Amino acid sequence: MTEFSEIPVIDITGLTDVPSDDLVAQFRKAYGETGFGYITGHGIDLALIDSVFAASAAFHALPADQKQALALDSGHRGYIAINTSTDVNSAHAEVTKPNQSASLMMLREDTAHDPDVYLSGPNQWPDLDGFRDLMLRYKTEMSDLGRRLMRLAVLAAGADPEPVLRDGFATPTTWLRLLHYPPTDPLGPDDLFGSAPHNDFGCLTLLAQDGIGGLQVKTPAGNWVDAPKIDGSFVVNVGDMLHRMSNGRLLSTPHRVINRSGRERYSVPFFFDPHVSYDIAPMPGTGTPNYAPINFGDFLRGELEAGYDAHKDAKSV
Ligand SMILES: O=C(O)CCC(=O)C(=O)O
Ligand SMILES: [Fe+2]
């Protein structure tokens, strides 16, 4: 493992389905050594991102009962209030207290729940003008970016993107989360986190954040490197599923959020994952497999049922 002291910046301006060898090499280095990068030149309109943050602030400012009416459902869509999510599956021993954040989670917008497709269904929308259209537009644009980055990631891992994109990502599982972190007491306990140390479980995370700061990335030696906002960029990181698909070549790196700024912090992670039917396995071209195949839907069911009451109560869905 290579020790690092900063998060690399990668400019993907003009990224097409056939990225340059130089870009693939940059991606391989960043995600093979750090697991995190700032992606610039991504083509998402910055005004669109600003509108999503404004809508998030409007949502979080709603009265508690209106938010609670959208409480997380068995399709993992809805409102997650503060002090209700602890990272119980975290491999990080220090996690004992619930995350100091509230969020609205939106997945793919299906017209109805299909009992044969885990986590299918419609979202729960707040009664705010234009909110649904804005979020669906952002999801569509971010899915397109996710697909382009996934292609780059698969190439960087040394595999052929065509079968992966076709079989895994024709109908991806997407998670759009509007996170709000109230300030935590600067004199409070050391193990009270906005987001406790964790690895992302999926493939790619594309994070937009405000200028407050607080995201930190763990190095192999156990140091924490700040990942503040760089204007016009997304912080993009690899999760556990892409780590397995790459046969360990791309790293899923622990990270956390501590908001001791004294101010409200908002962030918007977008998680880009395969369809639940997809089997996660080391891709051909990545060497002798170090991991057994697992079905993504089965894996998710285990994670969500262990971590969230909304799933414990609804195991049949
Ligand atoms: O809010 C952030 O900056 C990071 C959030 C995060 O790590 C996550 O939602 O997985
Ligand atoms: Fe994360």
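How far does a polar side-chain atom of Y181 lie from an oxygen atom of ligand 1? The distance is 2.7 Å. Polar contact here means a pair of N or O atoms within 3.5 Å.

Some housekeeping. This is a predicted model, where local features need pLDDT of at least 70, side-chain atom pairs count only at pLDDT 80 or more, and totals for chains, interfaces and linings use all residues. Residues are numbered from 1 along each chain as its sequence is written, chains are lettered from A and ligands numbered from 1 in the order written, and side-chain values use heavy atoms, with hydrogens and water left out.

Back to the ligand. D200 also has a polar side-chain atom 3.0 Å from an oxygen atom of ligand 1, and for S267 the corresponding distance is 2.6 Å. Of the 290 Å² of accessible area that ligand 1 has on its own, the protein covers 94%; areas are Shrake-Rupley with a 1.4 Å probe.

The shell, meaning residues with a heavy atom within 4 Å, includes L179, H198, L207, H255, R265 and F271. By class there are seven nonpolar, three polar and two charged residues. For the classes, Ala, Val, Leu, Ile, Met, Phe, Trp, Tyr, Cys and Pro count as nonpolar, Asp, Glu, Lys and Arg as charged, and the others, Gly among them, as polar. Strands β5 (173–181), β11 (255–257) and β12 (265–273) each supply at least two shell residues, and β12 gives the most, with four. Strands are DSSP runs of E, at least two residues, and helices runs of H or I, at least four, numbered from the N terminus.

Next, β7, residues 204–209. Six of its six residues are buried, so the strand is largely enclosed by the rest of the structure; buried is under 20% relative accessible area, with a 1.4 Å probe and protein chains only. L204, L206 and A208 point one way, while T205, L207 and Q209 point the other. In a regular strand the side chains alternate between the two faces of the sheet.

Which strands pair with β7? Pairing requires at least two DSSP bridges. Four bridges join β7 to β10 (residues 234–238), antiparallel, with V235 the bridge partner of L207. Six bridges connect β7 with β12, also antiparallel, and there T205 is partnered by F271.

Last, backbone angles. Most residues other than glycine have a negative phi. H76, in the loop between α3 (64–68) and β3 (78–80), has a positive phi of about 60° and is buried at 2% relative accessible area. L119, in the loop between β4 (102–106) and α4 (131–156), has phi near 65° and is buried at 4%.

Conventions: A polar contact is a pair of N or O atoms within 3.5 Å; within protein, one must be able to donate a hydrogen and the other to accept it, and residues adjacent in sequence count only if both atoms are side-chain atoms. Buried means under 20% relative accessible area, exposed over 50%, partly exposed in between (1.4 Å probe, protein chains only).
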